Amino acid sequence: MAETSSPQFVIARSVTCTTSGVVSLIIAAVLLEVEIRMAMRVDIFNQSVSSYDWSTKWVLISQTIGVLLGTVAPPSRWFVAINCRSRNEGYSKTSIRDAFFTVEGYWTQKMVEWRQSSLSVRIRHRTSRKLMHHLRGIFLKLCIFLQHAVVLSSKLLLFVSVCVTIPVVSCIGYVGKLKRRKGISSEYSTADPDSDIGRYVLLLEGEVKLSTKSLDNILNEVDSVIRKGKKRKPTNLSILVNRSCNWNGVTEFDSRRIPRLHSQEVVPYCWSLPIVTLTSIALALPNVEKRKSEQLMKSVTEGISYVKLIDETLDKKGCLENIRTAADVVWVRVEMYHKWQDRDLRETSLTGENADEILRQLCDRAEKTVVEFLREERDCLMKNPLNWPAHVIAANSMYRIGRTMLLSQGGKSDETDDRVFEHLSVTIADVLAACLTNLGRVITIKCHRNAIEEREESVRNAALLLGETEEIIAHLHQRELPFSDADQTASIEEWRAIIEQGNKVNIETGASEYREEIVDIKVEV
């Protein structure tokens, strides 16, 4: 649908465009004949008959090459149009008349509307307005007549071309069928032979159906894009996502028990902000094998592009634009320079301190950044956390996530850096897996772009995305989601609210069952 509705494809298969191919071919033939005749008469390639001497020959050659190159595309469209219409079977008298001897309304619709509308120029005298309207009507009527003549002559030329080439095309088609019977065309195709894809083709009024070969070419193009995506599978991302066993990490990275640094509403998260913050903490941990840190970095690098795409696509109102910007700023510094804001994460991991001390340092630094900003800022717009600068939003995220980790550890001294790193990796995997459940919806949205100019490219990107993430989507579809409504998976805040509500219900149910068991025991006693 996207391919057949694109302006380039519609223009390329119009009768006037195919006629321009014939005109271009005739002009090229006339130029070639004139050059051959001149070369035979005056021997232009060996001697010059102009005062410009030798340069005349090279000017003529360059112009000839330009004409030949410009002649390639228009005649090729003419040949394609002939081939498509020659392969259409079952032409009746009515279909022939509609296809080749009828001018559709869309060719002159705009001029008819102009002719019937009022003048855009303000003229005071009624007689003068009437005269101008009459003159404009005569001019537009002439234009409509010329348009009819051009379209009819173009269709007539195409009709003659089709009649002449039908025997040749039929012979080629018969030879192709014989080859297919011998098994030559047994190549793999993702198209379903039983499906009628012709009903998805968008045609203009009175336009004949596209040939099966044209439809197969469109399908083969999409299949090639999907195969290209399969060659670019995010292997490291798949390994990390497979480590996620449940969705606990979506809620556990930020505890509601951590006090807020401001009196306003809670700063919402986008999908990418907790991922880049957790990754920054993981890279800052000391006493962790370099191989593990590099593997985590590769996995998150492959996944963050999909996370950003999901954030941007599903945030239709743009409410989280500043949050996304903060995550992007943090990730650029982490990926390129291994820094969180101005702190070098590699130097932090080599200081010999334990994970608890590193977390406290990062949290204190983040808390100081937010508190100083709130103390010095006087702009009333900054009371809303969504309007905060990127570095303040990132610092607030680091403060909350770091404090949550310290709270979950509870001062345990037996928590090694390696175990903390593994816990962070699983949490990142949980958040990534929850985010990537939206890939199917993003692909669907990309296929439903309203802008005609963007639709074809958007569908191509969707096919490429499908090829890259097909295995991840299939893996996540096998997992049970914490809710039945797919529309609730768009936002990480919705995920957190639903999971926390489910946990609360489970706790209340467990407490109620426990009380009932106690009562039964007392009764038995």
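Tutor: A salt bridge is a side-chain nitrogen of Lys or Arg within 4 Å of a carboxyl oxygen of Asp or Glu, and with that rule in hand we can read this predicted model.

Student: Why is the pair Glu 471 and Lys 233 called a salt bridge?

Tutor: The closest N and O atoms of Glu 471 and Lys 233 are 2.7 Å apart, and the rule asks for a distance within 4 Å, so the pair qualifies. Because Glu 471 lies in helix 19 and Lys 233 in the loop between helix 8 and helix 9 (235–241), the pair ties together parts that are 238 residues apart in sequence.

Student: What makes Lys 233 count as partly exposed?

Tutor: Its relative accessibility is 36%, and since buried means under 20% and exposed means over 50%, a value in between is called partly exposed.

Student: How do you know that Lys 230 and Glu 470 meet in a salt bridge?

Tutor: Their side chains come to 3.5 Å, N to O, which is again within the 4 Å cut-off, so the name applies. Lys 230 lies in helix 8 (residues 212–230) and Glu 470 in helix 19, so this pair ties together parts that are 240 residues apart in sequence. Lys 230 is partly exposed, with a relative accessible area of 35%, and Glu 470 is partly exposed too, at 38%.

Student: Which salt bridge joins two buried residues?

Tutor: Glu 104 forms one with Lys 155, the closest N and O atoms being 2.8 Å apart, and both Glu 104 and Lys 155 are buried. By the same rule the count comes to 20 salt bridges, and a network of them links Arg 243, Lys 292, Asp 418 and Glu 422.

Student: What makes a group of residues a nonpolar core?

Tutor: The members must be buried residues of nonpolar kinds such as Ala, Val, Leu or Trp, joined through side-chain atoms within 4.5 Å. The largest such core here has 83 residues, and those with the most contacts inside it are Trp 271 and Leu 436. Helix 17 (residues 417–436) gives the most to this core, with 11 residues.

Conventions: Residues numbered from 1 in each chain as written. Predicted model: local features only at pLDDT ≥ 70, side-chain atom pairs only at ≥ 80, totals over all residues. Heavy atoms only, no water. Buried < 20%, exposed > 50% of the residue type's maximum accessible area, 1.4 Å probe, protein only. Helix = DSSP H or I, 4+ residues; strand = E, 2+ residues; numbered from the N terminus.
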